[in-house]
Amino acid sequence: MPENISIAPEVLTHVIEREVGGWQGKLRHNPLFHLLLAFFVGIIAGLGAVAFRRLIGLMHNLFFFGQWSFSFNALKHSDASIWGAGIILAPVIGGLIVVWLVRNFAPEAKGHGVPEVMDAIYYKRGVIRPAVVLIKALASAITIGSGGSVGREGPIIQMGAAFGSSLSQWLRLHEWQRLGLIAAGAGAGAGIAATFNTPVGGILFAVELMLVEVSARTLVPVMIATGTATFVSRLFLGNHPSFVIPASIIASTAHETAADYVAYVVFGLLVGGVGLLFTNTLYWTEDLLEKCLKNAYLRTILGMAAVGLTMYMIQRCTGHYYVEGVGYATVQNVLESTLLNPGFLLLLLVLKVFSFSVTLGSGGSGGVFSPSLFVGAVLGGAFAALVSQWIPDYQMGMAVGAALGMAGMVGASTGAAVTGAVMIFEMTNDYHIIIPLIVVSGLAFGVRRLFTRESIYTRKLIRRGHFIPEARHSNLYLMRPAAQLIETPMVRLRGDRTLEDLQKILLHRRELPHVLIIEGTMPLAVIPAHRVAEILRREIRHVPLRDLASTDWVAVRDDSQLYDLVARLRACACETALLCKKDPPEHHEDVVAVVTVEDILSYASLPQVLLRPERGPQ
């Protein structure tokens, strides 16, 4: 091979997969071996989670106290730094080290990690460079330990994903096995489970966000890795949840009234709005800092100095740093109802969103899971306190509000609504709270979904042009006849009819139809329903409809499978199809319905990238 020709790692992996033989080829076809790999990945994920938490403790003690110590309890507030006001420079120094590491060794380690894993799964055949493991661990530990306001879950997920990918590449496993191992322990399930001691939540996180195929052959390895990682973490960290939630307060959900559910509904809608703000603020801040400060090191200096100043000022005023690091101590305070001032809780919410967004926007490395839990907890505590003040006859416990807020924020920001509800349920060990969790998490997710399809993870990829499917389903929809997706009505009109005529016809219709323009006996052009809504807003009413319609359509038999319809649309680079009794149609009466790309996306929940037109060779 000529020296000047390079092959992308994912392409090389694909070639190896087809040609592999030897012992790797024999083992990768053995189901028992695959399950043993999941067990091994679970062990490594559990040990990795423990080691990473110890590394965060070391970095925190070095930056705040100049001590070489791994001792660190995230549920207790840190003592004041020995550096005094000099602690403002700790995030700056840490940020500069992180930027240097990321720029020189692993650009994938920048940011919050999970989007890079999803990108590797969907666009790089699950190939992640081994260097990501070390660089991500070091960069994130430095960011968190020096006071950066980010979480530890994203880094654990990305590190585990890189290990799972590297192991499967070395063993030359099939792509589905590689993707399964990434999701199984290392990438998602084991990472979440080992961090929060919530094994069922870990499994659901993998299913909701990581698995491209939900079947026994992929789900069983996830279960094995998750259970193993949880057991390993319990050996070193103890068998207790990440947060200590007072059982007596949470148990109050066993005696719910109609007023409680009204409060849950209102709170769920509120959390959804805050979750949307949480996501938008992050990306708005990133864009602003990159636009105004082109130099990465200068951006880090100014951004992290703002973070350091924020945590120093709040410590000077209150005695605690509150918003630095993962922020679990503050969450624990809300759960224990020791922070009772709703105004102060809302201030902490604003400061956390600011410091979190600036930390990542200025080049830090860390996750979004912990910040979302922090915001949800303080929002829930503030909501409970305000409701109790405004309605003296109704009392809502702050611990209940905080628990519901955490679940709702996870669902609204990450899109893992089921994971959020189940994780908090596992932390409380109280079945009675599960229904309120479902209500709040579901409504919060729904509010965010009402405004945008993209979560805090997928939005980063959308900006690259990489679309991630919302649904994980079988080929059921693609195998059905295309005629089954007909939901939008159709009207036939002559081409010389005007926009004014169309408006009069639509006065008696509840739903905007697709308009089929005919000339003589043949179909000529189409005005899709969404286009009808646009042209009706025009002031020119006497324009012939043929001048407003598109002749860019393809005819497909009405008994064709949806799979064939998608293929025809892609091949012809069209966005509209005529479902016909005959192909090609001999009369406009042969046209049964008009179907657009929007109809297909709505019916089958297919990824948008699937309906992009095919491109020929450049």
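**Figure 1. Helix α3 and the glycine that comes after it.** In this predicted model, α3 is followed by Gly66, a residue whose phi is positive, near 65 degrees.

Figure 2. Rolling a probe the size of a water molecule over the atoms shows where empty space is left. A search of the whole structure finds two cavities of 30 Å³ or more, and about 170 Å³ of space lies in the largest cavity. This cavity is lined by 19 residues, of which Phe72, Ala74, Lys76, Glu324 and Gly327 are the closest to its centre. Two or more lining residues are given by each of the elements α3 (31-65), α6 (131-145) and α15 (328-335), and the largest share, three residues, comes from α15. Sorted by class, the lining of the largest cavity holds nine nonpolar, eight polar and two charged residues.

**Figure 3. The second largest cavity, with helix α8 in its lining.** About 40 Å³ of space lies in the second largest cavity, whose lining is made by Trp176, Leu179, Gly180, Met210, Leu211, Val212, Glu213 and Thr218. Helix α8 (residues 175-187) gives the largest share of this lining, three residues. By class, five of the lining residues of the second largest cavity are nonpolar, two are polar and one is charged.

Figure 4. Most residues other than glycine have a negative phi, and most peptide bonds are trans. Tyr322, which is a residue other than glycine, has a positive phi, near 60 degrees, and lies in the loop between α14 (296-318) and α15. With a relative accessible area of 8%, which is under 20%, Tyr322 counts as buried. Ser337 is not a glycine either, and its phi is also positive, at about 60 degrees. The place of Ser337 is in the loop between α15 and α16, and because its relative accessibility is 23%, Ser337 counts as partly exposed.

Figure 5. Leu360 belongs to helix α16, which covers residues 342-361, and it counts as buried because its relative accessibility is 1%. When residues up to four places away in sequence are not counted, Leu360 touches Gly111, His112, Val150, Leu282, Glu286, Gly366 and Val368. The view may also take in Thr285, which is 75 residues from Leu360 along the chain, while the C-alpha atoms of Leu360 and Thr285 are separated by 8.8 Å.

Figure 6. The peptide bond that runs from Asp583 to Pro584 is cis, and its omega is near 5 degrees. Pro584 lies in the loop that joins β5 (576-580) and β6 (591-596).

Key
Residues numbered from 1 in each chain as written. Predicted model: local features only at pLDDT ≥ 70, side-chain atom pairs only at ≥ 80, totals over all residues. Heavy atoms only, no water. Helix = DSSP H or I, 4+ residues; strand = E, 2+ residues; numbered from the N terminus. Buried < 20%, exposed > 50% of the residue type's maximum accessible area, 1.4 Å probe, protein only. Contact = heavy atoms within 4.5 Å. 1 Å grid on protein atoms, 1.4 Å probe; cavity = no way out; pocket = protein on both sides within 12 Å on 5 of 7 lines; lining within 4 Å. Points joined across faces, edges and corners; volume = space filled by probe spheres on them. Nonpolar A, V, L, I, M, F, W, Y, C, P; charged D, E, K, R; others polar.
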